[in-house]
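Hi,

Here is the structure I said I would send over. Have a look at it first, and then read on for what turned up when I went through it.

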Amino acid sequence: MKRKVVIISLIVFVLSVLLTACVPSSTPEPTDIPPLPTTVPDTPVPTEKPKPEPEPEPEPEPISVIDDLGAEIILEVPAQSIISISPNLTEILFGIGAGDRLIGRDSNSQYPEGALEAVDLGAMWDGIPVEDILALEPDLILAGEIYAPEAIQELRDLGLTVYWQANPHDFEELFTNIMDVSVLTGNVEEADELVISLNVRVVLLEEKLENVENIPLVFYELDASDPANPWTTGADTFISYIISKARGKNLGDVLEGEWVQISSEELVAQNPDYILLADALYGISPESIAERPGWSDISAVVNGRLVAFDPFILSVPGPRLVDGFELVAELLHSELFGN
């Protein structure tokens with residue numbers, strides 16, 4: 001019996017072991033593996049790119065203009081201190097906006113009013129005042145056709161920069177003269193505007209005069225210091241050109257020379273329809289004209305067509321030549337202007 005108990009106990013033990021072996025063991029929970037630390041690179045601080053060095057501005061080209069004597073006028077920069085010894089060039093300076101640079105002038109440069117602020121260097125009848133000009137230390141001297149080439153060369157020999165300009169014979173030459181001066185002063189844009197405005201006025205008046213058939217004969221008196229042989233303007237001059245453009249005929253065109261005298265006998269024979277008194281500023285009046293021997297029979301005197309005329313409008317070949325064109329046209333053909 002005892003043995004049987006032992007056997008049964010062994011059997012129970014064995015079965016217990018077997019059952020334990022057959023029961024699956026519980027799966028252990030997986031252990032979380034901490035992530036490896038990630039190194040985040042520092043965000044680079046943006047740095048400013050070095051600014052490129054500014055390129056040096058190119059040196060301005062020297063200014064170069066050939067004057068009407070064939071001399072090359074060279075300026076490193078536009079002229080800032082200018083002397084004008086010719087009224088037409090003075091008027092051009094102011095017309096293009098460079099009048100404030102005028103430091104000296106001849107006595108006849110009286111227009112516009114601003115010109116009077118410049119130093120008056122005299123009328124130049126006794127020559128150019130070289131010492132006075134040197135004392136002003138100009139960058140540029142503007143001289144007109146009235147000065148001989150020899151006088152201009154004397155100034156150049158002293159180291160002065162002198163631009164010499166011939167008188168215009170027509171409006172195209174006038175406009176060219178204006179533009180040439182503007183190059184020397186650096187006022188090209190202002191000169192362009194001036195030329196365009198002047199040209200518009202010329203074209204409009206040409207259109208108004210286009211169908212005029214009556215061409216009156218005009219005597220333009222410059223100087224009657226000798227009343228029996230007064231001075232007038234001949235052919236191929238800007239005054240003759242303006243009279244012609246205004247649909248008139250210049251009496252002096254039949255004479256030889258640009259600035260000439262005419263005898264009273266010849267004048268009476270020519271019998272002008274109009275007499276323009278450019279010497280009215282010097283005491284010549286319509287009444288004194290009628291008192292000259294033989295002149296009382298001239299058509300202009302008989303019909304009262306003696307006109308005191310501002311000499312600086314036509315005798316100074318600057319921008320006011322267009323004013324002169326308009327004025328002469330209105331005198332000769334008043335019917336076109338409602339007069």
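**A buried tryptophan, and what surrounds it**

Let's start with Trp 295, which sits in the loop between α9 (286-290) and α10 (299-302). Bear in mind throughout that this is a predicted model. Is Trp 295 buried or exposed? Its relative accessibility is 0%, and the cut-off for buried is under 20%, so Trp 295 counts as buried. Setting aside residues up to four places away in sequence, Trp 295 touches Phe 219, Glu 221, Pro 227, Pro 230, Ser 264, Leu 267, Val 268, Ile 275, Ile 289 and Val 301. Take Leu 267 from that list: 28 residues separate Leu 267 and Trp 295 along the chain, and their C-alpha atoms are 8.4 Å apart.

**The chain overall**

The chain has twelve helices and 13 strands. Of its 339 residues, 39% are buried. If you take the contacts between residues at least 6 apart in sequence, 59% of them join residues at least 24 apart.

**Two cores**

The largest nonpolar core has 52 residues, and the members that touch the most others are Phe 171 and Ile 178. Which helix gives this core its largest share? That is α6, with seven residues. Apart from neighbours within four places in sequence, Ile 178 is in contact with Ile 92, Ile 96, Ala 191, Leu 194, Val 195, Leu 198 and Pro 319. There is also a second, separate core of 17 residues, including Leu 251, Leu 277, Ile 298 and Val 301. As background, nonpolar side chains tend to be buried together in soluble globular proteins.

**Helix packing**

α5 (residues 171-185) packs on α6 at an angle of about 165°, the axes being 9 Å apart. Angles over 145 degrees count as roughly antiparallel, so that is the label for α5 and α6. The crossing is right-handed. On the α5 side the contact is made by Phe 171, Phe 175, Ile 178, Met 179, Ser 182 and Val 183, and on the α6 side by Val 188, Ala 191, Asp 192, Leu 194, Val 195, Leu 198, Asn 199 and Val 202. Sorted by class, that gives eleven nonpolar, two polar and one charged residues.

α6 (residues 188-209) also packs with α12 (residues 321-332): their axes come within 10 Å and cross at roughly 20°. α6 and α12 are therefore roughly parallel to each other, and α6 passes α12 in a left-handed crossing. From α6, Leu 198, Arg 201, Val 202, Leu 205, Glu 206 and Leu 209 meet Val 322, Asp 323, Phe 325, Glu 326 and Ala 329 of α12. The class count for this contact is seven nonpolar, no polar and four charged residues.

Phe 238, Ile 242 and Lys 245 of α7 make the contact with Leu 321, Gly 324, Phe 325 and Val 328 of α12. These residues divide into five nonpolar, one polar and one charged.

**A covered helix**

How many of the nine residues of α2 are buried? Seven are, so α2 (residues 87-95) is mostly covered. The buried ones are Pro 87, Asn 88, Leu 89, Thr 90, Glu 91, Ile 92 and Leu 93. Their cover includes β3 (82-84), β4 (102-105), β6 (140-143) and α5. Just after α2 comes Gly 97, with a positive phi of about 85°.

**Backbone spots to check by eye**

- Tyr 111 and Pro 112 are joined by a cis peptide bond, with omega about -5°. Pro 112 is in the loop between β4 and β5 (119-120).
- Arg 247 is not a glycine, yet has a positive phi of about 65°. Arg 247 lies in the loop between α7 and β10 (249-250) and is partly exposed, with a relative accessible area of 29%.
- Asn 271, also a residue other than glycine, has a positive phi near 55°. Asn 271 is in the loop between α8 (264-270) and β12 (274-277), and at 32% relative accessibility counts as partly exposed.

Cheers

Technical notes
Residues are numbered from 1 along each chain as its sequence is written. This is a predicted model: local features need pLDDT of at least 70, side-chain atom pairs count only at pLDDT 80 or more; totals for chains, interfaces and linings use all residues. Side-chain values use heavy atoms; hydrogens and water are left out. Axes are lines fitted to C-alpha atoms, for helices over the stretch in contact, and angles run from 0 to 180 degrees between N-to-C directions. Helices (H or I, at least four residues) and strands (E, at least two) are DSSP runs, numbered from the N terminus. Angles under 35 degrees count as roughly parallel, over 145 as roughly antiparallel, 65 to 115 as roughly perpendicular and the rest as oblique. A crossing is left-handed if the near helix is turned anticlockwise from the far one by less than a right angle, and right-handed if clockwise. Contact means heavy atoms within 4.5 Å. Ala, Val, Leu, Ile, Met, Phe, Trp, Tyr, Cys and Pro count as nonpolar, Asp, Glu, Lys and Arg as charged, and the others, Gly among them, as polar. Buried means under 20% relative accessible area, exposed over 50%, partly exposed in between (1.4 Å probe, protein chains only). A nonpolar core is a set of buried Ala, Val, Leu, Ile, Met, Phe, Trp, Tyr and Cys residues joined through side-chain atoms within 4.5 Å.
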